[in-house]
Amino acid sequence: MQGVWSIVRAIGKFIIGLGGFTIGLLVIIGLIFAAVLRSPQPAPQVPDGAVLVLWPEGQIVEITETPDPLEVYFDTFNSRPAQTSIHDITTALRRAKSDDRISALALVTDSMSGIAPSHQHTIANAVRDFKSDGKKVYAISSAYSQSDYLIAAEADKIFLNPQGNVLLSGFARYRLYYKSLLDKIGANVNVFRVGTFKSAVEPFIRDDMSPAAKEANTVFLGGLWDQYVSSVEAARGFETGKISGDIDTISTNLASSGGDLAKLALNTGLVDVVGPTSAWREELVQEYGSSSYGDSFNQIHFQAYLAATNNRARGKNEIAVITAQGNIVMGEGPVSVAAADTLVGYIRSARTNSNTAAILLRVDSPGGSAFASELIRQELVTAQEQGIKVIASFGPVAASGGYWIAATADEIWAAPSSITGSIGIFGVIPTYEGTLSKVGISADGIGTTQLAGAFDVTRPLSDTTKDIIQQSIESGYEQFKQLVATGRNMTIEDVDKIGQGRVWIGATAKDLGLVDHLGGFDDALAAAARAAGVQDDYRATFYVEEPDPLDQFIADLLDSAVSHEPTDIFSSTSGPVGTLLQQAKNDLEFLSTLNDPAGRYLICFECEIR
């Protein structure tokens, strides 16, 4: 009987295997058939007199991650946040300014979910430049966040839904602190640092923000707020001080508006029209005509416009754009992190490319591993030794390790609202002997020397181990100061005065000598071309990860490679509770993701202002 069951099981496995093979074969045949039948998609056409619809989705970043095509297609299962490249936005606006087919700009901000001050000002400046030739700009939103409004303020007419609002509140920096929690679970977080203002580790050793951190944060946040207020008041034609005055009297003003936030925005001049979606849509139809389908106004989405205008003559000399985005880590990684091996590989490819005229290092990073930061800087120095000019351009954040990698560049450019500096260094080594003791677990053993097992997380650090680490941290700070002094032609004493882990905005950093020029990406790109002597004939070449050929093939089949229309006018958020939990998760996971071989870190947590 057992033999019979064996035969039955074998037959069953054969049938299942045959079925799986058949399905797989059919899928492959189907993909090949679809690829054969699929004709190349023509480039989008730009209608005459069209309104360019600038509708960014998700986070505004330097370069976007290559999405998994199946995640994009089956968006129900897609947890990856949407992203839009700042360079796509500015390129579209720059091209559209001089394009006679584009009559106006419709700015829709509802789908943006995260944008740093520097990127806010960059887009606002690009919108201001777009309308400088007389083309009108319309801002449209169900509700404007503070970051959205800086951009929307540049519009000739701002529409707001009757259920919406515009609440300007200023900048703040609040963090979670875990000392009491760590004490309760018996975790011992050993901290080694140099710099009075190096507050990145404070959440693990304090229950509140230190006076030094409050002092430094007050200065740089105040500077950012001053820039914000000046930009909005100039754009809307307000008197100086109006915004601060309206914030101070918001309760009284809201009461006089009957508690209606949309009416408050209208009464205080923040918006021009309060009305439903049909109101602004009809106005644009009347002004610019109907779309080809007759269901809306004559328009083209900015991503479709980029696709329609990409076939342009390019210069032969390449300015290699190397982007350091996110935390600086060892090894390889996606564009969401500045992985040392990946960036070093890009720099090496650029410096060995005979077409490379100069390298533009674009930085949007709060730092990370000191070792990884130095590996990136060393490869840039090698390029300079070959005679290739290296120009650094700071985006939203270029602090701590983000500043280290650029310190010895030939020129440093920063936006006035870039967050930079944070010249300091620290080490963090958590040990859990107390935690284990609380649950009745102990650790014991022997080693051949006093350093054997010195970094075992089940045991406390010895005095000798602590001394070794502290000396290494202090040596790292001296090296940091020396790099800055050499690169910026300063004395070590002068660097120390503005170092100590203190954070500065770009405008102040320029006055202190930490950066050479104030300006955006395009300014730095032009400077790189001038430094290489190719200002009359050049093009920017972005070094980024190439999409997997199979993924690209599937994306082409599913039509998911480029989305020309946003999926929803409302951006999705996780809510205040989800945001709080995610912040705590990120902070505590930080302790488990430290991978610097020497245990030294250059990172600025307080630099995240979005």
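The legends below describe close-up views of one predicted model.

The model is predicted, with local features requiring pLDDT of at least 70 and side-chain atom pairs counted only at pLDDT 80 or more, whereas totals for chains, interfaces and linings use all residues. Residues are numbered from 1 along each chain as its sequence is written, and side-chain values use heavy atoms, with hydrogens and water left out.

**View 1. The aromatic pair of W280 and F297.** A search of the whole structure finds 11 aromatic pairs, where rings of Phe, Tyr and Trp (its six-membered ring) pair if their centres lie within 6.5 Å, and planes under 30 degrees apart count as stacked, over 60 as edge-to-face and the rest as tilted. The ring centres of W280 and F297 are 6.1 Å apart and the planes stand at 65°, so this pair is edge-to-face. Because W280 lies in helix 12 (residues 277–288) and F297 in the loop between helix 12 and strand 10 (299–301), the pair ties together parts that are 17 residues apart in sequence; helices (H or I, at least four residues) and strands (E, at least two) are DSSP runs, numbered from the N terminus. Both W280 and F297 are buried, a term for under 20% relative accessible area, with exposed meaning over 50% and partly exposed in between (1.4 Å probe, protein chains only).

**View 2. The aromatic pair of F521 and F542.** These two rings are stacked, at 5.8 Å centre to centre and with 20° between the planes. F521 belongs to helix 21 (residues 521–532) and F542 to strand 22 (residues 538–543), so the pair ties together parts that are 21 residues apart in sequence. F521, at 11% relative accessibility, counts as buried, while F542, at 32%, counts as partly exposed.

View 3. Not counting residues up to four places away in sequence, S365 touches several residues, including N327, I328 and V397, where contact means heavy atoms within 4.5 Å.

**View 4. The largest nonpolar core.** This core has 53 residues, and those with the most contacts inside it are I359, F394 and Y403; a nonpolar core is a set of buried Ala, Val, Leu, Ile, Met, Phe, Trp, Tyr and Cys residues joined through side-chain atoms within 4.5 Å. Helix 18 (residues 463–488) supplies the largest share of this core, 7 residues. Apart from it lies another core, of 47 residues, among them M112, A155, A265 and V271.
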